[in-house]
Amino acid sequence: MTLRKVLLPFAAGALALSLAACSEEDKAANEETPQVEENEKGTKEEAATAQDMQVKLAEQQVDKNKIVAVVNKEELTGVEYNASLTSIQGQMQQTGQDPTSEEAAAQVKEQALDALVNHTLILQKAKEEAITASEAEIDERYATLEEQFGGEKEMKKVLKAEGMDVKTVKEGIAESLLIEKYQGKVVPADGVKVTDKEIQEYYDQAAVQSKEAEQELPPLEEASEEIKGILIQQKQQEIFATHMEELKEDAKIELKI
């Protein structure tokens with residue numbers, strides 16, 4: 001297995017951020033009204049703070065050639081770990097947490113390694129079971145991604161800014177498809193049952209929360225199918241989490257950092 005093992009959704013997140021930044025720059029360039037001095041000062045301070053944060057985030061990375069873990073004799077490198085790390089850092093920032101704080105550093109490292117190990121184990125099992133992703137499936141998923149980022153021209157601009165290329169993204173998409181197919185095989189949607197009682201209990205809990213938040217909840221008849229979908233997904237996640245623990249117990253895993 002080569003390149004960035006956890007490219008998607010990592011790549012998608014990076015592309016989204018970059019595209020948003022490019023859009024803001026284009027918007028600013030088209031504005032005719034000059035920035036007032038106070039706004040310029042604030043912007044510079046914000047930029048300095050953002051730059052300082054990027055430096056701190058980068059300090060948590062490891063050398064790209066360093067072996068960070070060995071999973072069933074497969075060596076995982078710093079390139080793959082740093083991709084996983086970047087994703088975890090981004091998730092924490094989105095929830096208002098500082099991934100560079102002293103108390104968060106160990107948590108970030110542990111989660112990044114765990115995500116990378118899980119990813120590797122799933123791909124190994126998918127390979128064992130001869131699960132594949134066709135070129136047509138990969139191209140279709142890439143076309144959807146390209147559309148989300150504003151078309152081919154915008155996609156190329158963002159890829160260039162991120163130092164990535166179409167080949168790398170498609171390899172990430174292929175891995176994502178393998179993971180989805182493996183998960184679907186382990187926990188098929190039609191293999192998970194949800195009872196009317198479970199739907200009612202979920203609705204009752206949501207009703208209490210809605211009342212506390214002074215929000216109106218649609219009738220159970222209208223919400224039942226959506227609730228059923230949520231409960232199926234939750235059960236699938238729980239079953240797959242148990243499956244992952246079993247995979248880890250049977251695997252030979254050595255963490256090097």
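Asparagine 72 lies in the loop that joins β1 (67-71) to β2 (74-77), where strands (E, at least two residues) and helices (H or I, at least four) are DSSP runs numbered from the N terminus. The structure is a predicted model, in which local features need pLDDT of at least 70 and side-chain atom pairs count only at pLDDT 80 or more, while totals for chains, interfaces and linings use all residues. Residues are numbered from 1 along each chain as its sequence is written, and side-chain values use heavy atoms, with hydrogens and water left out.

Lysine 73 is also placed in the loop between β1 and β2. Most residues other than glycine have a negative phi. Asparagine 72, however, has a positive phi, and lysine 73, although not a glycine, has a positive phi as well.

| Residue | Phi | Relative accessibility |
|---|---|---|
| Asparagine 72 | near 50 degrees | 36% |
| Lysine 73 | about 75 degrees | 77% |

With buried meaning under 20% relative accessible area, exposed over 50% and partly exposed in between (1.4 Å probe, protein chains only), asparagine 72 counts as partly exposed because its relative accessibility is 36%, and lysine 73 counts as exposed because its value is 77%.

Alanine 174 belongs to helix α7 (residues 166-186), and at 17% relative accessibility this alanine counts as buried. Once its neighbours within four places in sequence are set aside, alanine 174 is in contact with Ala133 and Ile138, contact meaning heavy atoms within 4.5 Å. Isoleucine 138 is 36 residues from alanine 174 in sequence, and the two are 6.0 Å apart in space, C-alpha to C-alpha.
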